[in-house]
Amino acid sequence: MAALRAALAASLAVARVRPPPLGRRPPSARCSSLAGAMEPAPHWLAGLRFDNRALRALPVETPPPGPEGAPSAPRPVPGACFSRARPEPVRRPRVVALSEPALALLGLGAPPAAAAAREAREAEAALFFSGNALLPGAEPAAHCYCGHQFGQFAGQLGDGAAMYLGEVCTEAGERWELQLKGAGPTPFSRQADGRKVLRSSIREFLCSEAMFHLGVPTTRAGACITSQSTVVRDIFYDGNPRPEPCAVVLRLAPTFLRFGSFEIFKSRDEHTGRAGPSVGRDDIRLQMLDYIISTFYPEIQASHPRDHVQRHAAFFREVTRRTARLVAEWQCVGFCHGVLNTDNMSIVGLTIDYGPFGFLDRYDPDHVCNASDTAGRYSYSKQPEVCKWNLQKLAEALDPALPLELAEAILAEEFDAEFGRHFLQKMRWKLGLVQTEQEGDGALVAQLLETMHLTGADFTNSFYLLSSFPVAPESPELDEFLATLTAQCASLEELRLAFRPQMDPRQLSMMLMLAQSNPQLLALIGTRASLARELERVEQQSRLEQLSEAELHSKNRSRWTAWLQNYRARLEKDQEASSDAATWQAERTRVMRANNPKYVLRNYIAQGAIEAAESGDFSEVRRVLKLLETPYGGEAEAAEPEPVARASEAAEEIGGAAGRRRSYSSKPPLWAAELCVTSS
């Protein structure tokens with residue numbers, strides 16, 4: 001063991017293990033024949049068995065020869081779904097955190113008890129999951145895809161900062177594609193360096209795992225590795241770049257193919273003038289459809305063995321349904337993706353590519369989590385319609401293999417209905433309606449969300465508290481419950497900060513004049529929507545200036561009292577359908593606790609972990625990761641910090657996020673509203 005640690009340490013410090021020459025494929029085996037096929041190697045990762053089906057089934061470009069070790073130059077990649085690539089080593093990689101539940105999917109056992117063995121395990125993880133060395137059987141490649149970004153076709157995009165390593169087959173018969181995100185440049189890196197920084201890598205790592213444990217379909221993250229290599233980033237795009245440590249995330253999924261994978265065949269776009277790199281290659285489109293359906297939708301393949309059009313129609317129908325259910329899940333946990341471009345939509349219905357995401361704090365249907373999305377295209381409330389729009393673009397990309405008219409009919413028939421059904425059923429569970437479905441349930445949910453909006457209620461905490469609502473009309477606990485619930489509403493200070501005008505008064509005056517005199521020029525420098533939002537902020541700010549904290553509290557209490565009366569009436573109807581009141585109450589509480597999380601990855605929690613990690617302390621990342629494994633409450637709550645005793649909010653503004661620790665289930669502090677999240 002000591003010799004192994006020494007060898008790994010030497011490799012970590014200076015170089016990577018050289019991969020096989022490009023174009024040479026190691027022998028592979030079928031997943032079903034792996035068990036007992038060969039003795040596992042003595043070291044932790046040596047037992048991983050690769051069977052890289054995607055590279056056998058789909059066309060792969062071998063890059064033109066270049067200097068040994070030099071990255072492939074950015075270029076169009078026509079006639080291929082992948083291009084071979086090589087990870088670029090980083091200096092002194094080090095494990096930030098490992099997700100044991102994710103790594104267990106690969107058949108990798110729990111960490112050993114002995115400290116020396118754990119250190120050797122982490123050293124091996126740092127070496128291979130940074131890309132400094134390649135596992136036997138890995139065949140690194142970058143995927144070619146296109147995409148509509150913020151509604152405009154961007155042409156070829158591809159894996160500019162991610163690399164397919166291969167597909168690991170487990171003894172359980174499962175197949176997992178491994179990716180390294182941030183491992184260096186590929187032919188799709190354009191003017192970028194193919195790197196990811198520590199702060200964005202921690203966010204992706206934590207959120208991938210948080211979403212899984214919330215029960216939302218998602219890609220997984222097995223490891224987050226940092227290094228002493230740095231890149232320069234302008235975090236806020238304000239002309240103040242600074243060096244940041246490079247990091248790599250090990251990602252896992254059945255596949256990372258996406259809607260944009262089919263857009264490589266798109267002809268020249270009438271608006272942007274861009275085209276996909278493989279226009280006219282209908283043969284590759286059919287090849288990709290055959291591969292995806294046979295591998296990830298085998299039941300569809302079996303049901304339509306000969307009729308290609310019906311098989312493709314069934315495939316598109318299932319993708320539509322999965323996408324509708326996925327976005328319904330997002331809405332029910334208050335998740336905002338932030339960059340819902342077609343290249344960030346999974347072909348198997350997973351949440352994919354965590355960039356400037358966020359979870360709702362104060363409920364605001366127009367919340368935009370991405371600071372770069374100035375027009376609010378990907379706001380929380382617009383996510384369902386954007387996902388439907390993206391499915392329309394997928395339908396266009398599948399034509400003529402699936403006639404567009406047929407795909408559009410499927411989309412019209414399936415998406416809204418599937419989204420509505422799934423969303424309403426999830427909301428019934430969140431409200432503890434366990435016995436009956438009533439016609440007015442949708443209206444009750446809409447009234448709840450409107451009440452939350454008007455009172456600025458915390459989305460996660462308000463739902464969580466409802467499970468303790470006293471159902472009896474004259475319950476002595478009602479006043480205490482109302483006080484607890486209204487404490488989750490936004491304070492006057494929070495609202496004034498949230499509705500603070502973003503424009504200088506002179507700029508706003510100029511924009512209003514342009515809207516009247518020259519709307520075409522206004523469209524070039526702004527949008528009517530952003531102008532309307534600014535006017536709303538000004539009006540709201542004026543109303544808030546005339547409001548006292550006591551008046552706000554009284555209004556909030558009245559609004560919640562009115563909704564709770566309707567809620568109680570609905571609960572009474574639900575209880576009447578049960579033969580035993582105590583059994584009904586226990587089931588109601590159980591279902592609500594299973595559907596209303598206590599913990600989500602709020603931005604201020606992630607920021608605290610990032611700041612600690614950037615100073616060399618990874619314990620907070622690991623503590624948060626452990627807590628997020630039980631978001632509905634459980635044993636990991638022992639990781640909760642003690643709430644901070646404080647005299648005022650102002651006292652929290654000192655000392656960085658690490659010095660402002662509070663309970664992970666608390667409403668966010670005021671400073672959290674100032675956090676700016678971008679896709680950098």
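## Close-up views of a predicted model

**Figure 1. G160 and the residues it touches.** Leaving aside residues up to four places away in sequence, G160 is in contact with G184, T186, F188, S189 and G194. The model shown here is predicted. G160 sits in a loop, with strand 7 (152-156) on one side and strand 8 (162-169) on the other. Is G160 buried or exposed? Its relative accessibility is 14%, so G160 counts as buried. The cut-off for buried is under 20%. D193 is also part of this view: 33 residues along the chain from G160, its C-alpha atom is 8.2 Å from that of G160.

**Figure 2. The whole chain, for orientation.** The chain has 680 residues, and 54% of them count as buried. Its secondary structure comes to 21 helices and 14 strands. Now take the contacts between residues at least 6 apart in sequence. Of these, 72% join residues at least 24 apart. The accessible surface is about 28800 Å². Carbon and sulfur atoms account for 53% of that surface.

**Figure 3. The buried side of helix 21.** Helix 21 spans residues 619-628. Which of its residues are buried? They are E620, V621, V624, L625, L627 and L628. These residues lie on the same side of helix 21, because they cover an arc of only 165° around the axis. What covers them? The cover includes strand 4 (94-98), helix 5 (198-214) and helix 20 (603-614).

**Figure 4. An edge-to-face pair, Y363 and Y380.** The structure holds 19 aromatic pairs. One of them is formed by Y363 and Y380. A pair of aromatic rings is described by the distance of the centres and the angle of the planes. For Y363 and Y380, the centres are 6.1 Å apart and the planes are at 85°. Planes over 60 degrees apart count as edge-to-face, so this pair is edge-to-face. Both tyrosines belong to the loop between strand 14 (358-359) and helix 9 (383-398), 17 residues apart. Y363 has a relative accessible area of 6%, so Y363 is buried. Y380 is buried too, at 4% relative accessibility.

**Figure 5. Charges over rings.** Two views belong here. In one, R220 lies over the face of F212, 3.6 Å from the ring centre. In the other, the charged end of K266 sits over the ring of F153. How far is the charged end of K266 from the centre of that ring? The distance is 5.4 Å.

**Figure 6. K266 again, now with D269.** K266 also forms a salt bridge, with D269 as its partner. The closest N and O atoms are 3.5 Å apart. K266 is partly exposed, at 24% relative accessibility. D269 is buried, with a relative accessible area of 9%.

**Figure 7. R195 and E88, a bridge across the sequence.** The structure holds 44 salt bridges. One of them joins the side chains of R195 and E88, at 3.9 Å from N to O. This pair links distant parts of the chain, 107 residues apart. R195 is in the loop between strand 9 (175-181) and strand 10 (196-197). E88 is in the loop between strand 3 (82-84) and strand 4. E88 counts as partly exposed, at 31% relative accessibility.

**Figure 8. D441 and R428, a bridge between two helices.** The side chains of D441 and R428 meet in a salt bridge of 2.7 Å, N to O. D441 is in helix 11 (residues 441-455), and R428 is in helix 10 (residues 404-430). They are 13 residues apart. D441 counts as buried, at 2% relative accessibility. R428 is buried as well, with a relative accessible area of 8%.

Conventions
Residues numbered from 1 in each chain as written. Predicted model: local features only at pLDDT ≥ 70, side-chain atom pairs only at ≥ 80, totals over all residues. Heavy atoms only, no water. Helix = DSSP H or I, 4+ residues; strand = E, 2+ residues; numbered from the N terminus. Buried < 20%, exposed > 50% of the residue type's maximum accessible area, 1.4 Å probe, protein only. Contact = heavy atoms within 4.5 Å. Areas by Shrake-Rupley, 256 points an atom, 1.4 Å probe, with all protein chains shown as cover. Arc of directions from axis to C-beta. Phe/Tyr/Trp six-rings, centres within 6.5 Å; stacked < 30°, edge-to-face > 60°. Lys NZ or Arg CZ within 6 Å of the ring centre and 35° of its normal. Salt bridge = Lys/Arg side-chain N within 4 Å of Asp/Glu carboxyl O.
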